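I opened the notebook to look up aromatic rings, charges over rings and pockets. My entries follow.

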Amino acid sequence: MSTRYPFTAVVGMDDLRLALLLNAVSPAVGGVLVRGEKGTAKSTAVRALADLLPEVAVVAGCRFSCDPAGPDDRCPDGPHEAGPGVARAARMVELPVGASEDRLVGALDIERALGEGVKAFEPGLLADAHRGILYVDEVNLLHDHLIDLLLDAAAMGSSYVEREGVSVRHAARFLLVGTMNPEEGELRPQLLDRFGLTVEVAASREPEQRVEVVRRRLAHDDDPVAFASRWAAEEGALRARIVAARELLPSVVLGDAALLQIAATCAAFEVDGMRADIVMARTATALAAWDGRTDVTSEDVRQAALLALPHRRRRNPFDAPGLDQDKLDETLDRFKNDNAPPESPESTESTESTESTESTGNEDDDDPDPGPQGPGGPGGGGGIPPQGGAPDGAAGSPQASQAPEVPETSGAPSPAGPGERAAVQAAEPFRTKMLSVPGLGEGAAGRRSRARTEHGRTTGSRRPQGALTKLHLAATVQAAAPHQRARGRSGRGLVVRRDDLRQATREGREGNLVLFVVDASGSMAARQRMSAVKGAVLSLLLDAYQRRDKVGLITFRGKDAELALPPTSSVDAAAARLATLPTGGRTPLAAGLLKAHDVLRVERLRDPSRRPLLVVVTDGRATGGPEPVALGTRAARLHAAEGTASVVVDCESGMVRLGLAGELARELGGSAVTLDELRADSIAGLVKDVQGTSRRAA
């Protein structure tokens, strides 16, 4: 008996359990993305699902888990002879965040391919997960190219590996589950759309439910076998229900009325493309099969929308996923499903009246509430077995309404303390041109500064250090050619040895750490100035999101500086901190720069390959404490001595300007730009100045 935490013992989280079970019934739904705060049993629920999946029959000895009833005719281990095969449990394969491309898709032995003409292929995790579950914890921290490969394989049901003209293809059909904590950064919308369903999870705020969670967890940790045995009956019933739903699925009819509701819902919420319509159709069909029916109802369509649409509504990194449920109900009522229970004459007349009113073109309420409405539905769980002893309310869906919320920059000002002015609304963000760090780095893949990377244009070759990943064919042939006679070459093939192989060196772009140091003192408190400053910083944050940077935020005012946001990939968290930033007090410029120096020192130890870009937003004044100007100058020189690329955004305004920000920029070894020049193309000149100044300093 498995000692994993039982799936049916999970308290609450009905939407998560339902989404996982629907994918177990119909993997064509496209997987599940689980978003939520840390410590909410996301991984526990996913791992527990593996024990519910039925056993699979595989061809004996096949590394790619071919089905003996219909083996893959292009399997690298084939062709396979007809036979009964062997039964084994469905696998759950975990993809580590630090996995390489070869570990994911598999590796070709280039040396044997060139020297012997043999396609020697070592399967990767995609092959291991075939006909099982592929689980990616912290999927938002994976490199984008790995996520692309993963989602391509999930969509096509097969994986292709190509190296220098040698290619291998194998089947890769699996249930894809990804988990993420939005505080650590969002997935870009193009990748979000590739996940079939999404659910938001959060810890319950009900004391009774929290008590039950702790009680069950402690009981499991004390005696996993005994705990699992207590839930064996529920696990068996749920496993049998999955099998029955799979068998019923081909018989489910998706009628024209349900299809019309699906299309109307996707159109009403203005989702991009047609993937949402297809996913909703498959989800609604799976819901009907899960409930033991052969027809799709309006409620199935509603539940499918709550699971399939919230993450597809996200347009930019400052938007929280969500769905306006009032608008959803209104749309479904307009296109009523013929399979729904008959309504009373009064409700029919009301519906007709609503349709008549809406058909006149009244679109006052077309814009849905963008707030983070979770993807949960009523009755949560879609028929999931009772939770066997869970306290009252455990079957609810508290997590659905507790998604992390990013404060809107247009919201009400936050309360201000003594000597402070309330936070002001940010000006409209604008498109910026690229800020980059000079030189050639070796940081994580991104879209900002030049760097040596695994992907990009080929610039040269070198001897491989460890496993060969990117062959430089011309350099390899050139290295092997002089030795052919000594190696006894007799045919047309080239005799290649390990020492001849050359690794291609490539140049692409890296992501950087953009650290904002924002002056929030009284001299910045003019409403128009601070609004413009926030708009400029928001614009740079959006640019950092698009270029895959980490960002950090330091503010200084009064007597000290504060690390408002430690370096993170979550730019929406930075936007939230900025939105509530009050102003007032003196200007401890030195404290802000010293705090930035401390943060960058720690980050260099933590991630030496990620190069920083310091953006100081101030009018250049330094007040408070003894010798504030001299202290500020010495703090700036610390950054210059370490070669930190820097930009000073000069917020000074008025007819008479002291030029203090320009002096600060010179001490930093960077460049200054006035606040008025930040809009539109002014940033382009700033980039050139940053690069030129840094080169001169070097």
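**Entry 1: burial.** I noted the cut-off before anything else: a residue is buried when its relative accessible area is under 20%. The model I am reading is a predicted one. I looked up Trp231 and found 6% relative accessibility, so Trp231 counts as buried. I then took the whole protein. Buried residues make up 51% of its 698 residues.

**Entry 2: overall make-up.** I listed the secondary structure and got 22 helices and 20 strands.

**Entry 3: aromatic pairs.** How many aromatic pairs does the structure hold? I found two. In one, the ring centres of Tyr5 and Phe227 are 5.4 Å apart, with the planes at 35 degrees. Why is this pair called tilted? Planes under 30 degrees apart count as stacked and those over 60 as edge-to-face, so an angle of 35 degrees makes the pair of Tyr5 and Phe227 tilted.

I traced where the two residues sit. Tyr5 is in the segment before helix 1 (14-25). Phe227 belongs to helix 9 (residues 224-230). They are 222 residues apart, and the pair links distant parts of the chain.

I wrote down Tyr5, Phe227 and Trp231 as one aromatic cluster.

**Entry 4: charges over rings.** I looked for charged side chains over aromatic faces. Arg241 lies over the face of Trp290, at 4.1 Å from the ring centre. I also noted Lys327, whose charged end sits over the ring of Phe269. The distance to the centre of that ring is 5.6 Å.

**Entry 5: largest pocket.** I looked up its volume and read about 1200 Å³. Its lining has 49 residues. Which of them are closest to the centre? I wrote down Leu142, His143, Asp144, Ala444 and Ala445.

Several elements each supply at least two lining residues, among them helix 3 (101-105), helix 6 (144-156) and strand 14 (503-510). Helix 17 (527-546) and helix 18 (571-579) are also included. Strand 12 gives the largest share, with five residues. I sorted the lining by type: 15 nonpolar, 15 polar and 19 charged.

**Entry 6: second largest pocket.** I read about 800 Å³ for this one. It is lined by 40 residues. Closest to its centre are Pro27, Ala28, Ala154, Arg173 and Phe174.

Which elements each supply at least two residues of this lining? I listed helix 1, helix 6, strand 10 (175-180) and helix 12 (275-290). Helix 12 gives the most, with four residues. By type, I have 22 nonpolar, nine polar and nine charged residues in the lining.

How values were computed: Residues numbered from 1 in each chain as written. Predicted model: local features only at pLDDT ≥ 70, side-chain atom pairs only at ≥ 80, totals over all residues. Heavy atoms only, no water. Phe/Tyr/Trp six-rings, centres within 6.5 Å; stacked < 30°, edge-to-face > 60°. Buried < 20%, exposed > 50% of the residue type's maximum accessible area, 1.4 Å probe, protein only. Lys NZ or Arg CZ within 6 Å of the ring centre and 35° of its normal. 1 Å grid on protein atoms, 1.4 Å probe; cavity = no way out; pocket = protein on both sides within 12 Å on 5 of 7 lines; lining within 4 Å. Points joined across faces, edges and corners; volume = space filled by probe spheres on them. Nonpolar A, V, L, I, M, F, W, Y, C, P; charged D, E, K, R; others polar.
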